[in-house]
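Take a look around it, and then we'll go through some of its details together.

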Amino acid sequence: MKIDQWLNSPWFIRILALFLSLMLWANVNMESGNAPAPIGSLPQVSRSNEVLSNVPLKVYYNQEKYVVSGLPQTVNVQLEGSSSIVKTIEAQGEYEVYVDLQNLSAGPHKVRINHRGFSDNVTVKIEPSIVDVTIQEKVEQIMSVKVQIINEDKLPEGYTADQPISVPNSVAIRGSLEQVQKIGFVEGYVDVAGATDTVKMDVPLKVFDHNGEELKLEIVPAVVEVKVPISPPGKKVPFKINRKGNLPKGLSIQSFEVTPTEVTVYGKKENLDKIKMIENIEINLSDIENDQTLEVKVPVPEGAIKVSPEVLTIKIDVENEESKTLTNVPIKINGVPNTQGISFIAPEDGLVNLTVFGARKLLDSIGPEDFDVRLNAGGYSKGEYEIDIEVVSGPQDIRWELNPSKAVVDIVND
């Protein structure tokens, strides 16, 4: 048969195509290094033997009642099965290794480690498979919270950290009796580096034994809210209470006590240097009819940030006013360089009487020496003049009347 007749034959074309396909298949398998499988053989299924290391061990028990010790935190799990199934298990992680202690009482026990979530087509082996565990009754101890301030030396210049305030200021520590008996203190830490205002933060707590070693015990609550007030530079300054008005007629102040006696002002140092006293604190005596304790707000001076305390407590005791007369109180002369050139005409001896009014206790304790009585002769030339007499200073909470209230003097020097 001629070649063109072969090429036109359908059977020839079919046989040729089959031959070329076999050649191509053989070539591909040779390049990939795989020998052709025997005709009629089944596909081979690869198997794998893998170890899952450090698998967390889940523990089921009554956590409100018991404390468990002795169990490892992790175990190793060996898996044997087809490679595809093992790899799927590793990738998905939908399995659990656990011990169930829920039906066990307090005491030592040997328990088997169980598993779930693995395919039925793999063999699972756990190492260790049996463990020793001790179950103990849980006890509770209430401990106060100690807050440590760190980096206080890194506050801005002049700023100070005040006493930390913890809410709550005590927590419950739970564990076995043996563990709880080791407790030394409960502590948290607040970093105040660079702070210029009150630091507020949630602080996790830790439990330590008496040697400072941390104990892994349950803390309720495990986090507390802590506030650390930060104070700017400050200095103590005096203050003055300005009394407005008068007590109702017939009453006098027996005692006038202010607490505290100083106020601390805070702010920049250059501003604090200018503040010498707080003067604009006022009370109205007209409103006081009996013994009273007042709370008066302290104003913040110009240039300051705040004051401490912000309120003064003023305790005022009053009683019925009484009087007594101080005799022979000397008159001093102001305003002339040489008082030898001035003589008194009236009162001739240069002495006055002073009637003082106040609480009996105060009156009993004062005398003429407690008053500074003066007249001002400055600006007068030679001659005879009538000049007002003034009480320049006297005890507080006392009022007075002069008799006489004027003096007649003769000035002989120019």
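Is Lys216 buried or exposed? Lys216 is exposed, with a relative accessible area of 71%. Here buried means under 20% relative accessible area, exposed means over 50%, and partly exposed is what falls in between, with a 1.4 Å probe and protein chains only. Before going further, keep in mind that this is a predicted model: local features need pLDDT of at least 70, side-chain atom pairs count only at pLDDT 80 or more, and totals for chains, interfaces and linings use all residues. Residues are numbered from 1 along each chain as its sequence is written, and side-chain values use heavy atoms, leaving out hydrogens and water.

Now for the overall picture. The protein has 6 helices and 36 strands; these are DSSP runs numbered from the N terminus, with helices being H or I of at least four residues and strands being E of at least two. Of the 414 residues, 33% are buried. The accessible surface comes to about 26,200 Å², and carbon and sulfur atoms account for 48% of that. Those areas come from the Shrake-Rupley method with a 1.4 Å probe, and for residues only the protein chains shown count as cover. As for contacts (heavy atoms within 4.5 Å), take those between residues at least 6 apart in sequence: 71% of them join residues at least 24 apart.

Let's go to one helix, α3. Its buried residues are Ser83, Val86 and Ile89. Seen down the axis of α3, they fall within an arc of 130°, so they line one face of the helix. That arc is taken from the directions from the helix axis to the C-beta atoms. What do the buried residues of α3 pack against? They pack against β1 and β3, the latter being residues 74–82. On the other side of α3, Lys87, Ala91 and Gln92 are exposed. Just after the helix comes Gly93, with a positive phi of about 65°.

Rings of Phe, Tyr and Trp (its six-membered ring) pair if their centres lie within 6.5 Å; planes under 30 degrees apart count as stacked, over 60 as edge-to-face and the rest as tilted. By this rule there are 5 aromatic pairs. One of them is edge-to-face: Tyr60 and Tyr98, at 5.9 Å centre to centre with 80° between the planes. Tyr60 lies in strand β1 (residues 47–60) and Tyr98 in strand β4 (residues 96–100), so the pair ties together parts that are 38 residues apart in sequence. Tyr60 is partly exposed at 23% relative accessible area, whereas Tyr98 is buried at 12%.

Tyr95 and Phe118 form a stacked pair, 4.8 Å centre to centre and 20° between the planes. Both sit in loops: Tyr95 between α3 (83–92) and β4, Phe118 between β6 (114–116) and β7, so this pair ties together parts that are 23 residues apart in sequence. Tyr95 is partly exposed, with a relative accessible area of 25%, while Phe118 counts as buried at 10%.

Follow β7 (123–127) to its end and you reach Pro128, in the loop between β7 and β8 (130–137). Pro128 is partly exposed, at 28% relative accessible area. Leaving aside its neighbours within four places in sequence, Pro128 is in contact with Val75 and Ile113. Asn76 is 52 residues away from Pro128 in sequence, yet 7.5 Å away in space, C-alpha to C-alpha.

Charged side chains come last. A salt bridge here is a side-chain nitrogen of Lys or Arg within 4 Å of a carboxyl oxygen of Asp or Glu, and the whole structure holds 16 of them. Our opening residue, Lys216, meets Glu214 in one, at 3.4 Å from N to O; Glu214 is partly exposed at 35% relative accessibility. Arg374 bridges to Asp372, their closest N and O atoms being 2.9 Å apart. In that pair Arg374 is partly exposed at 22%, and Asp372 is buried at 14%.

Arg243 lies over the face of Phe256, 3.9 Å from the ring centre, and Arg399 lies over the face of Phe357, at 4.1 Å.

Key: Lys NZ or Arg CZ within 6 Å of the ring centre and 35° of its normal.
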